[in-house]
Amino acid sequence: MEALIRPEFGLTFWTITCFVLLVLVLSKTAWKPLMHAVEERERAIKHDRHSAETARAEAEKLKADLEERMKSFKAELNARAEEARQAARKETDLLLAEARRAAAVIVETATKEIETQKAEAARGLREKVAELSVLAAERILLKQIDHRANTELAARYLGELEKERPEMRLENN
Amino acid sequence: MGLKEILEHHVVDHVWTWAALGPLRLPFSKHLLMMGIASLILLVVFPLIIRSRSAALAPFRAMIEIIVLFLRDEVVVPNMGHKGAAYLGYFSTLFFFILIMNLIGLVPFGATATGNLAVTAGLALTTFALINFSGIKEQGFFAYFAHMVPKGIPGWLYLPMFVIELLGLFIKTAALCIRLFANMIAGHIVILVFISFIFIFGSFGVAVGLGVAPVSVGLVLFTLLLELLVAFLQAYVFAMLTAIFTGAAMHPH
């Protein structure tokens, strides 16, 4: 069993040689490209992250900008709408006043017209009434006349009339 | 054939032939072959996976990447600071080298190279070298040794503390070496013991052996899963402790 713990120093020499050569060769052929790739990737990740962060900040700025513009647009829109509403109200008032005035004028003319026509109609009516009554009186008189009695009557009436209305006296004319 | 022979057959290295390099006798053995396979996987498969852009290999690439990033963010940088990131290649290689050698030990016909004291000693020695190298590089030669002793101790304690700290450096390294070795070998021994139970009870009678077999196999499977966990865990622990020791050498306060 002592073979188990009796080191063969030739093998130690082999081990050291082997290992040192491996370190020298692998550092060039394996670990260097590996670490190169890893560092490349780490750098790429860092770069990507950085650019993503920049893009995000930019987007946020853009968003804030847009929101601000939107707000100002909205404010302007509101102002314009208010303005338009006021203008419309003013216009309506104006139109209403105009209409009222026009209506008043129309009513006035119509009233005047009616007055005139009424006056005219009254005049016409009175003339007709006068004429009719004269004609009617004429008929009645024509039927009832008894020359003598009527002459007396007429004389009497005339006398009365002359008494009543002295200015109608024939003699005085 | 006793348990001893079986154990030695499965756990101990088999040297096939020797080569001489100056005063050193270099063995060509089973564990060296396993280490070679692990190195080959690291040298060929890993760069292939990492450099390929095919979607089929993407999950494997992600696995390697997750582990390397874990080593960077949880092991190297917290213990060694941002200057330590330069050592990431060392720690990634260390982790995967140990991990693959551990995992090869769980494959049929494989052997655990990290279950060999000589191999873990080699790894621990590289850690020892890294600790001192980074400490001296970071602080300067004299400042490094001067800062080994904690600040604010009485003057007469300085020398004994220096000796203790210096010894501590070696003990840390030795502990690293033995921890990995023991962890990797323990699971194998337990598995062999559970399998041997079948034959031990079988010697009382065939029926007893057959009765024990399902229990033994169940326990072996459980131990195998535990070994899978330990394979990852010990690779992590080795890398983590190396990072802690190196970080302490770089920043003494």
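## Two crossing helices

Helix axes are lines fitted to C-alpha atoms, over the stretch in contact, and the angle between two of them runs from 0 to 180 degrees between N-to-C directions. With that in hand, take a look at chain B of this predicted model. Helix α2 (residues 30-51) and helix α3 (residues 58-80) of chain B have axes that come within 8 Å and cross at roughly 105°. Angles of 65 to 115 degrees count as roughly perpendicular, and α2(B) and α3(B) are therefore roughly perpendicular to each other.

Which residues in α2(B) and α3(B) meet? From α2(B) come B:F46, B:I49 and B:I50, and they meet B:F60, B:R61 and B:I64 in α3(B). The residues of this contact divide into five nonpolar, no polar and one charged.

## Chain B as a whole

Stepping back, chain B has eight helices and two strands. Read from the N terminus on, its elements run α-β-β-α-α-α-α-α-α-α. Along the principal axes, the C-alpha atoms of chain B fill a box of roughly 70 × 55 × 40 Å.

Chain B has 253 residues, and 44% of them count as buried. Among the contacts in chain B with a separation of 6 or more, 66% come from residues 24 or more positions apart.

## Aromatic rings

Over all chains, the structure holds 17 aromatic pairs. One of them joins B:F201 and B:F204: the ring centres are 5.9 Å apart and the planes lie at 80°, so the pair is edge-to-face. Planes over 60 degrees apart are what that label calls for.

## Cysteines

If you are wondering about disulfides, the structure holds zero of them over all chains. A disulfide would need the two sulfur atoms within 2.5 Å.

How values were computed. Residues are numbered from 1 along each chain as its sequence is written. Chains are lettered from A and ligands numbered from 1 in the order in which they are written. This is a predicted model: local features need pLDDT of at least 70, side-chain atom pairs count only at pLDDT 80 or more; totals for chains, interfaces and linings use all residues. Side-chain values use heavy atoms; hydrogens and water are left out. Rings of Phe, Tyr and Trp (its six-membered ring) pair if their centres lie within 6.5 Å; planes under 30 degrees apart count as stacked, over 60 as edge-to-face and the rest as tilted. Helices (H or I, at least four residues) and strands (E, at least two) are DSSP runs, numbered from the N terminus. Angles under 35 degrees count as roughly parallel, over 145 as roughly antiparallel, 65 to 115 as roughly perpendicular and the rest as oblique. Contact means heavy atoms within 4.5 Å. Ala, Val, Leu, Ile, Met, Phe, Trp, Tyr, Cys and Pro count as nonpolar, Asp, Glu, Lys and Arg as charged, and the others, Gly among them, as polar. Buried means under 20% relative accessible area, exposed over 50%, partly exposed in between (1.4 Å probe, protein chains only).
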